[in-house]
Amino acid sequence: MQTGTIHNRDKFLQTIADRLGRKQRTERVPRPHWRHQPQWTVFQGYSQDELLEALKAQCPRIHTQCVETTSAELKETLKEVVANHGGGPVVTWDDPRFAEYGLTHLLRDEWPKENTDVHIWDASAGRKNIDFADKANVGITFSDITLAESGTVVLFSGNGKGRTVSFLPKTYIAIVAKSTIVPRMTQAAAYIHEQIEKGHLVPSCINFITGPSNSADIEMNLVVGVHGPMKATYIVVVDR
Amino acid sequence: MKVSLFVTCLVDLFHTNVGKATVELLERLGCEIDFPEAQTCCGQPAYNSGYVKEAKEAMKHMIRTFEHADYVVTPSGSCATMFKEYPHIFQGDREWEPKAKALADKTYELTQFIVDVLKIEDVGASLQGRATYHTSCHMTRLLGVKEAPFKLLKHVKGLEIVPLPNAHQCCGFGGTFSVKMGPISEQMVDEKIEHIEEIHADYLIGADCGCLMNIGGRIKRQGKPIKVMHIAEVLNSR
Amino acid sequence: MPMKIGNANFHERVETNLHNTFMRGAVAGAQERLHTRRLEAAKELGNWEEWRALGEEIRQHTLENLDYYLMQLSENVAKRGGHVFFAQTAEEANNYIRDVVIRKKAKKIVKSKSMVTEEINLNAVLEAAGCEVIETDLGEYILQIDDHDPPSHIVAPALHKNKEQIRDVFREKLGYKQTEKPEELALHARKTLRREYLTADIGITGCNFAIAESGSITLVTNEGNADLVTALPKTQITVMGMERIVPTFEEMEVLVSLLTRSAVGQKLTSYITVLTGPRDEGDVDGPEEFHLVIVDNGRSNILGTEFQPVLQCIRCAACVNVCPVYRHIGGHSYGSIYSGPIGAVLSPLLGGYDDYKELPYASSLCAACTEACPVKIPLHELLLKHRQVIVEREGKAPISEKLAMKAFGLGAASSFFYKFGSKVAPSALAPFTNDDRISKGPGPLKAWTEIREFPAPNKERFRDWFREHQKGGGK
């Protein structure tokens, strides 16, 4: 990775230090222990079952369908959900979890045989991926972390996990392992912060997606489905 | 219990009845009233317009006037709030900051005093009618006195208290705002009156003469039959 | 457009806008809805005051160490291959961005919502350089195609427009043939803008929160437009006000929670995206080149002064949504893209008192804004501070007022003058008194009596009554 450039920093920061009436701070400033920490009390002590119930309760409030299934039933559930949304074309991440969860056959054989076009993100095919996603009816990804309080899926995009799979198609489907559900964004942020402290690089794009896109810009009437997807479904796999 | 009355310039000049009601009420509740004649004004008109120097002269005078008092009680939420601001305004002043703090610590708005200090909620008042209560901004948000007026009004025999819609919205007084920004203030007070009419209240009750003069003055101009009363007058009704 | 809107003076603007019945209905309706939603969101959390206290702590600590965090941020952006430009002035920011645009031979630019880019008037600069600039936030898009109508609210910029007006603009400018139903209008915008995203050369965004520990920027939307602006074009330019920064992901999530609940009563908006540098090796979407432009434009002048707390702002507009003055006069009356209480405090600081000296007085100091602010900016106190500055340092108060206040100072500081004044007041005002009231008052009473009755001074002053009362032994 080539380092980027920085322009005009010295005078800019010196001005700030001058205005604050002290020397410029360049030594590590320790992060304070915040006196108030209410964010940790939300859903404190909840079991995975309770977190799942909370997630399910939140979904209707964010215009999102929530479907529960098991590993054994996942393939059939996914077929049904996609069919209910109007079928293909389907675009998905290139993600090892599709194989782990037994979905490879569906993506590569069953659906194409039924004339449902499937495109698995292919890093070597460049812009063609985006063109396909733009015309797709359904985009499918896994959820890396799932937030119960807000009904949010967290996606660490990158490489085979294209950003636009969850944005361009008309419908977005997230496959959620029950074990990925945490109380709220606090836990996700703590995890990411920990990774950074350990020296790991964050992906260039992390999405926190809560249901389909919407806007209330026209007379404050909520319209669901503006630039991003118009519909969203979370499929929760309860034994993963 | 000896109570020093800070009657406020608005009551002193324009609403003698409110002062009378306050005195009679507190005496009936067992207080001995001291009225330091030297009192003038808390300083808000100048202070809130940005005239700190001029306001401070008035404030020092008030601090001196009430230096001897045990309790300072006032029938005005905004004037009580102003007294509570004094220590902040005199911050850093070695002579006046402690004196300001001493005054602020012993100052109470009337309903706050009756409920929190005298520990009385039923003052034995009675008034027939359907009324609503105006929660004035400074008293509610800055002084933090939200429950006391309602606790007292609940026990007034014959009085039906109806909640005022959009009660959190300012009536448009704001001191000099009401004259400097007349057209805006007019819209605010008109909306306030619409809400009072919406619930068919006969009485509008409040704890701040500034607000009541604003709303009451507009009601009178519009010729509407809503009666405007200060809470001291209501609590003194028998 | 720049921060300043139009050239009419404050009172003229207010007069015009008070007659805009639709706008006032729209604003009042929006306030009701957003106020209720914010209160519900706060109640659901349960300990809202603790959240506010934490928000204040985070923002205050960050401002106190702003130079350190900006240093860390820039280092981390550069490490990830992004370019950072520190812009002291609007001109510097615009010049840098225009240079990038020219170097990239860009013709089409898509933008997500950014107040700071409006403040520096970026769109006009890019258009003058021959670019087509397209706003993708639905509200901003509507305003843009309506001949650059200025925004009237920080979060819902097209609040003042009704759906019929929007339909007519779409018909005139976009060849739209359908009805004023919001779903149809939004669908048309979706189709039109989807083409633009896919063919744009550059994407420009604002920044809700930059994260110092990783060199990241956070974008908060419901529409998903910022995601498309940053995923599809080859170059991304992000512009941020220099104070819009947090130390780590952990503070970002707290402030995002405060923002979404305070602004629109949502736990989280539909899309919160954290972007770090240009795309990674092997990515297909995302920009190949990333620029972060950090803007001062007068903010550093606020540091180290009693107005520093205003920089804590996270641009949620909770204060705007509770302000009883904004409710009636609407955003355009402020003459600035920053309206409502935050606008009344910030605009004079960034734009000077000459253009904005009325704003601090357009407030009854009801303190609803202070109560609503999720990061505890003492907004009404700062408005009062402006008044003090205007009177004492700027000397801009009218002479008649200064004289009146001097008289007040005399009268209220001396019980002699006060008692004298109160004694003669009834007779002095007798010519204007009818029964117990004054309907057409002289001097200072004139403005009052234009719309209200004023009580006549009591002939029996309270103090006179009390003296008799005491003599009578308390009854």
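1. Before you look at how the chains pack, a word on helix geometry: axes are lines fitted to C-alpha atoms, for helices over the stretch in contact, and angles run from 0 to 180 degrees between N-to-C directions. Helices (H or I, at least four residues) and strands (E, at least two) are DSSP runs, numbered from the N terminus. Keep in mind that this is a predicted model, where local features need pLDDT of at least 70, side-chain atom pairs count only at pLDDT 80 or more, and totals for chains, interfaces and linings use all residues. Residues are numbered from 1 along each chain as its sequence is written, while chains are lettered from A and ligands numbered from 1 in the order in which they are written.

2. Start with who touches whom. Two residues are in contact if their C-beta atoms, placed from the backbone, lie within 7 Å. Two pairs of chains touch, and the pair with the most contacts is A and C. Chains A and B do not touch, and their nearest C-alpha atoms are 20 Å apart.

3. The contact between chains A and C draws 73 residues from chain A and 86 residues from chain C. On the chain A side, the elements that give two or more residues are β1 (6–7), α1 (9–19), α6 (128–135), α7 (185–197), β10 (205–209), β11 (214–218) and β12 (221–224). By class, that side has 30 nonpolar, 33 polar and ten charged residues. For these classes, Ala, Val, Leu, Ile, Met, Phe, Trp, Tyr, Cys and Pro count as nonpolar, Asp, Glu, Lys and Arg as charged, and the others, Gly among them, as polar.

4. Chains B and C meet through 53 residues of chain B and 52 residues of chain C. Several helices of chain B supply at least two residues each to this side, among them α1 (9–14), α2 (16–28), α4 (52–65), α11 (182–198) and α12 (209–222). The chain B side divides into 24 nonpolar, 17 polar and twelve charged residues.

5. The axes of α2(B) and helix α23 (residues 462–471) of chain C come within 9 Å and cross at roughly 35 degrees. The crossing is right-handed, a label used if the near helix is turned clockwise from the far one by less than a right angle, with left-handed for anticlockwise. Thr16(B), Gly19(B), Lys20(B) and Val23(B) in α2(B) meet Phe462(C), Trp465(C), Phe466(C) and His469(C) in α23(C). The residues of this contact divide into four nonpolar, three polar and one charged.

6. Chain B itself is divided into domain 1 (1–114) and domain 2 (120–234), with bounds that come from an automatic or database domain assignment. The C-alpha centres of the two domains of chain B lie 22 Å apart. In chain B, 26 residues of domain 1 are in contact with 22 residues of domain 2. The domain 1 side of chain B divides into eleven nonpolar, 13 polar and two charged residues.

7. Now the inside. A residue is buried if 20 or more other C-beta atoms lie within 10 Å of its own, exposed if 12 or fewer, and partly exposed in between, with C-beta atoms placed from the backbone. A nonpolar core is a set of buried Ala, Val, Leu, Ile, Met, Phe, Trp, Tyr and Cys residues joined through C-beta atoms within 7 Å. The largest such core has 281 residues, of which Leu255(C), Val293(C), Ile294(C), Val295(C) and Cys319(C) touch the most other members. Helix α12 (residues 249–264) of chain C gives the most to this core, with nine residues. Domain 1 (1–114) and domain 2 (120–234) of chain B both give residues to this core, so it lies between them. Leaving aside neighbours within four places in sequence, the contacts of Cys319(C) include Gly340(C), Cys369(C) and Leu379(C).

8. Finally, some backbone details to check. A cis peptide bond joins Gly88(A) and Pro89(A), with omega about 5 degrees, and Pro89(A) is in the loop between α3 (74–84) and β3 (90–92) of chain A. His63(A) is not a glycine, yet has a positive phi of about 55 degrees. Asn297(C), also not a glycine, has a positive phi of about 50 degrees. His63(A) counts as partly exposed because it has 19 C-beta neighbours inside 10 Å, whereas Asn297(C), with 20, counts as buried.
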